[in-house]
Amino acid sequence: MNLEEEGYEIILKNVTYKYPGSDKPALKNIDLKVRKGEILLITGPTGAGKTTLCNLINGLIPHFYGGSLEGDIIVHGINTKNSYVGYLSTIVGLLFQDPSSQLVTASVEDEIAFGLENLGLKIDEINERIDWALDFVGLKEYKQHPPYALSGGQQQACALASILAMKPLIYVLDEPTSNLDPIGSLNVFKLLRKISLEERKTILIVEHKLEELIDLVDRVIVMNEGKIIMEGNPREILGEEAEFLNKIGLEAPQIALFAHEAKKLGINLPSIPLTIDEGYECFSNIFENIKGKINIPQEKIHQFEKVGKEAIIQVKDVWFQYPSGTIALKGVTTNFYKGEFVAIIGQNGSGKTTLAKNINGLLRPTKGEVIVYNMNTKMVPIHKIISYVGYVFQNPDHQLFSRRVYDEIAFGPKNIGLSKEEIDKRVIEVSKMLNIENLLEEKPYELSKGHRQRIAIASILSMMPEVLIIDEPTTGQDPRGKREVMNIFKKLHSLGKTIIVITHDMNIVAEYAQRCIVMNEGEILIDGSTKEVFMREDILKKAHLKPPIITQLFKKLSSNYNIKPDVLTVEEAINVLKSIFKVE
Amino acid sequence: MALEYIPGKSIFHKLDPRTKMIFFLFILIILLAVEDTIIVALILLSIFGLYKLAGIPMKKLTGIVKPILPAFILFILLNYFVSPPRGAKIYFYLVPGMAPVTLETTLIGITSALRFILFICITRFITLVTPIADLLIAISKMGAPPEFAVALGIAFASVPVLINQFQTVIEAQKSRGAKIEQKNPIKKFFALVPVIVPSIFLTVLRGMDISRAIESKAFTYNPAKRTYRKTISMKKIDYAFIALIAIITIIISILRWGFNFFRYDSTLKFLIDIMKIVFKLT
């Protein structure tokens, strides 16, 4: 190692990589150096090469994936080309994106032990480390639980603990919070801070949730199309370049975006604020100067109004118990009205999905009843209900099986016994609606994840249900992908469909849903207009949720200044600002 | 679940898994040796006794035995077709001209059916009182490569995951109107295609995920020096137990092959004696 390379834990020298069977490089001429003890945030849209970069560090590329690799990767002084994954993984702890895919044993403690056993540690030491790691992530009581029975958040904590226990020198974490609700994500970030402070480890973290990471990371790199397009300290990139990040499809900090827009309105800001506290300080200074001049009539918080009068689905005191004994719903009563856009939110295990499955007849209430278009779900078979209520499952891979996209979309209509002409008409109509009409002859398995999701939606839409239930449509997608899929539902909503979406993405709820049902432990905590619900931080907290940052900022500002608190999006925030300064 | 473990503090829970495997082998030898229907029935009863001793609820036992009762009857019936009519008296034919029913073939049928039940009960008994992890350690201690034991362990741990996944696929297809519950076997096969294809696809994906995950947790670092956190050790009680079951097996084998004990004939003789007594009384 020469002098200038000293002190660096990871060095990438002009790395270009192609996956086997692909002509397009996934990474192009990457140069990167990471210091010991540094926390580096890697962000960028889907397909930017972030995961590929992660797989380079512990040698999965090229040793596991193959493909053609140019350039050198030096990790802790070792050229990965001359080593092997088994050895490199004692230095680099890699946390994969999907937690359930990396849990392989029969209990949480076995999961933590697995890596330690491979390291050949003494049994006492292994047991000590298991307790330490589980304590660290707060899973102590779950030691004996099988990993698959944990919630998504707990699985992610378990996977993280299994890496922690191996005490690697370098952590590479690929979207460690993708399955977590807002408060769960915050806990993971706190945990990372603890590791970096207490253990001085080098951490690479791939994330889309930029807001929460501002004060955690030392440096940010932004990737796009296989290249590093930006590099710098987090305040500079997340603050100054917020608009650029937004443009390439990332979720820039809302407060920074808001500040940039404010600047455009001619408002003088000393610097770009990033956090709620900074935002509050910055804008309260401005409002202080014009206090008394703020004169917008205070509207009452937007109350929940039925969009349509007609209650098409009635849920009456529904209880549901799974054969395992878990009581997932405890007396849920609510109505769904024609033409609504409803979000059902809540933690993993709060009963969201169980409620949704009771609505389309996949599950039937243990007690109480569900009336769908005047049909009691207990009395009619499911294939009668599905032409009224369609259910789009989270993972398209759970349902695609045909050799042709056309057959996939035609499967549902065939099952409900439509004529050939009618099926043909519907397939074409639906595929046009979703912009996949040119893919009808393709093989579903060969298409991208985004396209497969569209096909899955189309295969439900082709049965022409009035109501569409969508389960976690945005999980595992970058902010642009999220908006793309949500815009499909927005379009369907404008065409008159009733949309019920299950999600834990609060920004999505704020932007799209008119009404919001918050669930916790099998009960409805609050049911009202999205504005109404997001004003109740106390109730949301019970369900481990938090309103968007911009909403939190406005709520804080409104307690001192005469402005409206129920602001859900940056766009709305700007409008408030505009109306204030028009008055001035 | 097929491989459930019921925790407990009985002697069988405390035995080393290797002891239990040896016990299993000896029982197999005894089963081979003993043809006498009554003795086989007695052995079966004593296996039921073991369930009681190990504190396994009777409900569990009936849950194991009940589903195999049809097989029990099938064993007896099929036996008439395959074993030649031994013994002079043919009572009747099961099918005209075929499958003669004699006292001897009936006994042979009952014995093999009892053996079948015994085999199932003893296998389930051992898995009920031994955690799978322990069995895997026993396998690797007995000389299997470490990769083998780990692979088996991961396979067992994957079963509930795959069942969950299978159920999700069924739900997803039901939501598209797939009629999965079909009575006609050919229709049923075609109805299952939409369930089987995604399941296979997802299972292959999971296989790749698993291999990537274990590689990244240093599995290939130094497999020969891998630690097994859970250890097993043979104690005095293990040796005593093995000695006991070995002695019983040897005695039975000597009696069987040296002195022609435990043959069908002996049951037959016993039954004839009883009948004589009954007839004399009347």
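Me: How many residues of chain B are in contact with chain A?
Reply: 43 residues of chain B are in contact with 48 residues of chain A, where contact means C-beta atoms, placed from the backbone, within 7 Å. It's a predicted model: local features need pLDDT of at least 70, side-chain atom pairs count only at pLDDT 80 or more, and totals for chains, interfaces and linings use all residues. Residues are numbered from 1 along each chain as its sequence is written, with chains lettered from A and ligands numbered from 1 in the order written.

Me: Which helices of chain B each supply at least two residues of that side?
Reply: α8 (146–174) and α9 (185–215) do; helices here are DSSP runs (H or I, at least four residues), numbered from the N terminus.

Me: And how do the residues on that side of chain B divide?
Reply: 21 nonpolar, ten polar and twelve charged. Nonpolar is Ala, Val, Leu, Ile, Met, Phe, Trp, Tyr, Cys and Pro, charged is Asp, Glu, Lys and Arg, and the others, Gly among them, are polar.

Me: At what angle do α8(B) and α9(B) pack?
Reply: About 145°, with the axes 10 Å apart. Axes are fitted to C-alpha atoms over the stretch in contact, and angles run from 0 to 180 degrees between N-to-C directions.

Me: Which residues meet there?
Reply: Among them are Leu162(B), Phe166(B) and Val169(B) in α8(B), and Val195(B), Pro198(B) and Leu202(B) in α9(B). By class, that contact has ten nonpolar, four polar and no charged residues.

Me: Switching topic, how is chain B divided into domains?
Reply: Domain 1 is 11–130 + 235–281 and domain 2 is 145–225, with bounds from an automatic or database domain assignment. Their C-alpha centres lie 37 Å apart.

Notes
Two residues are in contact if their C-beta atoms, placed from the backbone, lie within 7 Å.
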